[in-house]
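Reader: I would like to learn how to read helix packing and a sheet. Please take me through the features one by one.

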Amino acid sequence: MNKIYDDNLYNESQKERFLQRQNANTKEAYSRVLRRASAIEKRLGMDLYDFNLNEIKQVLLLLQSTKLATVKSTGSIIQNYIRWAIEQDLRKDNINPLDAVSGNEFFVQFVDDNNPTLFSEEDIGNVVDGCLNFQDKAIVQAIFEGVMGKENSELLNMKMEHITQIRENDEMRYKIMLFNDGRKGREIREIAISDYLYNILRIANKEERYVKNNGVLKPNIKTDSRELIDNDYIVRSAVTSKMKQNLDEPTTKYLVQSRLTKIAEWYNLPQLTVTNLRNSGMLKMARELYIKHGKLEKEEYNIICEHYNVGKQPDGSYAHSKYKVGFLNMESLSLIYDIGI
């Protein structure tokens with residue numbers, strides 16, 4: 001689902017020269033690897049034939065391959081390309097970094113046996129668009145835009161009365177007041193949300209019934225929907241749900257996980273969790289800030305952490321190193337959004 005490489009070749013004339021040497025059976029496989037490598041080539045500003053071993057590792061990581069054989073095959077293609085470049089006197093030196101690699105030990109580190117944990121804005125948009133219930137759309141999009149809180153309390157406490165429209169830089173924007181019920185009591189904060197999320201919340205707030213299983217029903221099901229609790233909270237339980245909700249209280253924290261688990265099943269996305277949704281939203285904000293400021297440094301990290309309410313220290317500063325190392329970096333922007341190349 002994620003875009004991880006370009007359709008274009010970097011230094012195309014040289015790549016085409018190399019590809020012309022391949023037979024019909026191997027040319028397509030070689031071309032595919034070289035196209036994938038183009039993302040790293042553009043970012044580093046050099047052709048693959050001049051890569052050292054660490055730079056080659058970046059290409060192999062970009063594959064997100066689940067099979068050792070595929071990783072080894074890709075390594076062999078890169079090795080052959082560098083070997084050809086040396087013969088053509090293109091490489092800066094006559095050393096092929098992959099000639100020193102033998103066996104499976106080097107390649108096994110690039111086998112990705114996990115499902116993707118980061119999703120692009122387009123990925124999330126496809127999920128939201130496919131949800132029949134606006135109650136479900138609201139959960140996915142709100143978390144993606146930074147509404148979470150301890151045990152999902154910010155999400156569960158949402159009401160339409162908490163949303164205000166403001167003028168910002170000559171544009172009308174929406175802001176929502178959020179209520180996070182933490183260990184030290186209730187924390188109140190306010191963040192901007194998109195028009196898209198506002199309209200989802202507005203419609204979800206008016207929904208009276210919840211359609212079962214996203215409209216895909218089994219023949220023996222007696223009713224295709226359930227009545228929703230009638231109160232002022234946007235995210236609500238069904239009247240007949242096992243997750244009981246009083247008229248004057250938000251629904252249980254388990255409702256969000258239950259609905260999100262079902263959404264993940266419908267789309268065969270087992271890693272579509274609250275945390276991964278939030279992290280994906282943080283990366284999307286990083287993309288926006290990088291485009292706006294031309295950098296991704298302390299100032300940008302602080303803005304992201306403040307909006308998503310993570311990493312805040314007692315002195316008011318933000319500790320963002322674990323997010324930077326884990327996923328909030330140029331490598332992830334290149335992988336998910338093809339930015340920073």
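Reader: At what angle do helix 11 and helix 12 pack, and how far apart are their axes?

Author: An angle and an axis distance describe such a pair. This is a predicted model. In it, helix 11, residues 274–293, packs against helix 12, residues 298–308, at about 145°. Their axes lie 10 Å apart.

Reader: Is the crossing of helix 11 and helix 12 left-handed or right-handed?

Author: The crossing of helix 11 past helix 12 is right-handed.

Reader: Which residues make this contact?

Author: From helix 11 come Arg278, Gly281, Met282, Met285, Ala286, Leu289 and His293. Helix 12 supplies Glu299, Glu300, Ile303, Ile304, His307 and Tyr308. Sorted by class, the contact between helix 11 and helix 12 holds seven nonpolar residues, three polar ones and three charged ones.

Reader: How are helix 7 and helix 10 oriented to each other?

Author: Look at the angle again. Helix 7 (residues 134–144) and helix 10 (residues 254–266) have axes 10 Å apart and pack at about 95°. Angles of 65 to 115 degrees count as roughly perpendicular, so helix 7 and helix 10 are roughly perpendicular to each other.

Reader: Which residues of helix 7 and helix 10 meet?

Author: On the helix 7 side they are Gln135, Asp136, Ile139, Val140 and Ile143. On the helix 10 side they are Val256, Arg259, Leu260, Ile263 and Trp266. The contact of helix 7 with helix 10 comprises seven nonpolar, one polar and two charged residues.

Reader: How many bridges join strand 2 to strand 3?

Author: Strand 2, residues 171–182, is joined to strand 3 by nine bridges, and the two run antiparallel. One of the bridge partners in strand 3 is Arg189, which pairs with Leu178. Strand 2 and strand 3 form a hairpin, with two residues between them.

Reader: Where do side chains point in a strand?

Author: As a general idea, side chains in a regular strand alternate between the two faces of the sheet.

Technical notes. Residues are numbered from 1 along each chain as its sequence is written. This is a predicted model: local features need pLDDT of at least 70, side-chain atom pairs count only at pLDDT 80 or more; totals for chains, interfaces and linings use all residues. Side-chain values use heavy atoms; hydrogens and water are left out. Axes are lines fitted to C-alpha atoms, for helices over the stretch in contact, and angles run from 0 to 180 degrees between N-to-C directions. Helices (H or I, at least four residues) and strands (E, at least two) are DSSP runs, numbered from the N terminus. A crossing is left-handed if the near helix is turned anticlockwise from the far one by less than a right angle, and right-handed if clockwise. Contact means heavy atoms within 4.5 Å. Ala, Val, Leu, Ile, Met, Phe, Trp, Tyr, Cys and Pro count as nonpolar, Asp, Glu, Lys and Arg as charged, and the others, Gly among them, as polar. Angles under 35 degrees count as roughly parallel, over 145 as roughly antiparallel, 65 to 115 as roughly perpendicular and the rest as oblique. Two strands pair if DSSP finds at least two bridges between them.
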